[in-house]
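This report describes how the two chains of a dimer meet. The sequence and structure come before the description.

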Protein chains: 2
Amino acid sequence: MKTKSATATKAELSRDAVVDRALALADEEGLAAVTIRRLAQEFGVTPMALYWHVSSKDELFDAMGDRFFAGMRADDVASTGPWPDQLRRMIAAIVAVLRAHPAAAHLAAERILQCEPGRDIAERALGLLRDAGFPTSQAADIAGHALQTALMLVVQQPGEPTVAAAERAEIMETKRKALASLPPERYPNLIASADALTNCDDEDAYLMGGIDLFVAGVQALQPAPSATHRAAR
Amino acid sequence: MKTKSATATKAELSRDAVVDRALALADEEGLAAVTIRRLAQEFGVTPMALYWHVSSKDELFDAMGDRFFAGMRADDVASTGPWPDQLRRMIAAIVAVLRAHPAAAHLAAERILQCEPGRDIAERALGLLRDAGFPTSQAADIAGHALQTALMLVVQQPGEPTVAAAERAEIMETKRKALASLPPERYPNLIASADALTNCDDEDAYLMGGIDLFVAGVQALQPAPSATHRAAR
DNA sequence: ACCTGAACACCGTTCAAGT
DNA sequence: ACCTGAACACCGTTCAAGT
């Protein structure tokens, strides 16, 4: 045993260990709790010790964002079937990795083009859309919307730093009551939807519905095949 | 003249004046620059003076969020025409108010159901969707997605605190070059899209395209009219 | 190579006190 | 009613110094 006198048997200090702990801390107490000083404390070390492994807090956040894509291979989403199905699988794959750390998910969106696995999936998405007939600029817009849609499905409503699930339920219940006690003649639909707006009993169905809505929109906007495209077949 | 020795002839200290200045400061230097101490300094006053007008920074942020909806009347989006057009106009109206302060726009999303004009527009959106045949829970999901879509169209890519337009262009140019110099055989689509991904020459067209995509998706998912609905006509 | 100590310029907020 | 002063417990980060 060569463990020092840390609060618990913490891992050795290293760049990866810091990123790991930062993501775990975001999960537990929200992204606002991720602090150089707090992390140092968790490792039983001086705040400045972290600066050897990570050059600034911004760089730490970037590394956290990159971590989302680390285990992701573009080939995981099989490149078979009609393009809408492929697109759906790609978005679902992104949703899946973002769900690992919802409180830090928005860090991933900014990093997708800065890390290799992210670029691979972006490359495929763009190819898919251009092959479907979308002009380059629209394909770029749609790919960006796809990423943002995945993000929005994961982060949901609760106030930025994502509080623990326990008090989150409490907050939602308060909101539901506030909606339910609105004047019925003025807000009949809000009252009828109070339940639906404040709790999500089937998260998987919610996510799939959001993805379906997006993909259906892309399909509806697909340009009609041009003469040259037809000739190529 | 009863102006004190402030940096400039600032407005009198009041709740509204603080919210005004906070939004202006977010526009100029990003949301991270909005600080109790910084605001106090701008008003030529002690930090604690602000606590008479606003009970905490969180409450200030809430008030900033509410301000977005202040000038918005649900009747502004005329309730005529087919429901997809109405929905499109509602989203466009929200996009319009969020564009006033992009750096603070995400504060608005959390407040829509906590302020009266926000509730009015939410009520109409829910009514619209339920009348179109969507079940209550799906209508609630779609209304939420509509708001998040408006938000995502406005905030775009640049790293959270939204820097000034000047250095934003510089950052984008750096990213474009990074994309353009990627290995061409591996990332042909990213290279072809480097321009489209890093600059937006026609922002209005981008916004309209995003709204159209969303509305087209909702239309595609509209349930077929049931027998009871048909009977009601 | 890796970590510490002291210091600087910031935060939000409480509490008692002034006018 | 409205504002100040002093204080507390936090931040990120630099720089020189230790081992």
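## Helix crossing and chain interface

H8(A) and H8(B) cross in a right-handed manner, meaning that the near helix is turned clockwise from the far one by less than a right angle. By class, their contact has four nonpolar, six polar and no charged residues; Ala, Val, Leu, Ile, Met, Phe, Trp, Tyr, Cys and Pro count as nonpolar, Asp, Glu, Lys and Arg as charged, and the others, Gly among them, as polar.

The model is predicted: local features need pLDDT of at least 70, side-chain atom pairs count only at pLDDT 80 or more, and totals for chains, interfaces and linings use all residues. Residues are numbered from 1 along each chain as its sequence is written, chains are lettered from A and ligands numbered from 1 in the order in which they are written, and side-chain values use heavy atoms, without hydrogens and water.

The table lists the residues in contact (heavy atoms within 4.5 Å).

| Helix | Residues meeting the other helix |
|---|---|
| H8(A) | A:His145, A:Gln148, A:Thr149, A:Met152, A:Leu153 |
| H8(B) | B:His145, B:Gln148, B:Thr149, B:Met152, B:Leu153 |

A rotation of 180 degrees with 0.0 Å of shift along its axis superposes chain B on chain A, with RMSD 0.0 Å (least squares on the C-alpha atoms of residues with pLDDT of at least 70 in both). This is therefore the relation of a two-fold axis. In chain B, the C-alpha nearest the axis belongs to B:Gly217, 1.8 Å from it.

Across the interface, 47 residues of chain B are in contact with 47 residues of chain A.

Note on methods:
Helix = DSSP H or I, 4+ residues; strand = E, 2+ residues; numbered from the N terminus.
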